[in-house]
Amino acid sequence: MNKKLISILLICLIFLTSCGNVNLKAERENLETEISELEEDIRTLQSEKNSIEKLIQDIREENDIPNYIVTFEIGQQHVTLDLGDLLKDEINKTELEVLVSKEYYDSVDVGTVVNDDFRVGSLALKGSFGTWNIEVINKRIEY
């Protein structure tokens, strides 16, 4: 009786696992196909983006339209006595150059704090007191 029960369980187990593998293989093939299609879409969109950026730059150069570039420093600042957190905040600061309109360029100066919002989500979820700091650290005009 035990041998029959074990045999039936083994057959059921083999049947159930083999059916799952067929579905998994088909699903994997579908996902691989979808990934390939998405990668091709990304390449196409990147190529179009590059062409449009080149066209814009050519028009700007032909018409002597300057590029107004503002460099922002983006970082976090925590209220803490932990030197590790303070050091991490300083190390993780990053700079971002952005092409902006003349109006925006004229409206900010080096040292302008664009954003210093309190991070409510970090306080609610982690009990962390901190802010985002976004500051203008450089401005330049390129022709």
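Select Tyr105 and show its contacts. Leaving aside residues up to four places away in sequence, Tyr105 touches Tyr68, Ile69, Val70, Val100, Lys139, Arg140 and Ile141. Bear in mind that this is a predicted model.

Now widen the selection to the core. Tyr105 belongs to the largest nonpolar core, which has seven residues.

Next, select residues 67-78. This is strand E1. Strand E1 runs antiparallel to E2, and seven bridges join the pair. Where does Thr71 stand? Look across to E2: Thr71 is opposite Glu97.

Step back to the sheet. Four strands form an open sheet in the order E2-E1-E4-E3, and their pairing is antiparallel. Which strands are at the edges? Colour 94-100 for strand E2 and 113-115 for strand E3; each of these edge strands pairs on one side only. Turn the view: neighbouring strands of this sheet are turned against each other by 35° on average, ignoring direction.

Last, select residues 130-142, strand E4, and find Trp132 within this strand. Is Trp132 buried, partly exposed or exposed? Its relative accessibility is 39%, so Trp132 counts as partly exposed; the band for that class lies between 20% and 50%. Finish by drawing a C-alpha to C-alpha distance from Trp132 to Ile74. The two residues are 58 residues apart in sequence and 7.3 Å apart in space.

Conventions: Residues are numbered from 1 along each chain as its sequence is written. This is a predicted model: local features need pLDDT of at least 70, side-chain atom pairs count only at pLDDT 80 or more; totals for chains, interfaces and linings use all residues. Side-chain values use heavy atoms; hydrogens and water are left out. Two strands pair if DSSP finds at least two bridges between them. Helices (H or I, at least four residues) and strands (E, at least two) are DSSP runs, numbered from the N terminus. Axes are lines fitted to C-alpha atoms, for helices over the stretch in contact, and angles run from 0 to 180 degrees between N-to-C directions. A nonpolar core is a set of buried Ala, Val, Leu, Ile, Met, Phe, Trp, Tyr and Cys residues joined through side-chain atoms within 4.5 Å. Buried means under 20% relative accessible area, exposed over 50%, partly exposed in between (1.4 Å probe, protein chains only). Contact means heavy atoms within 4.5 Å.
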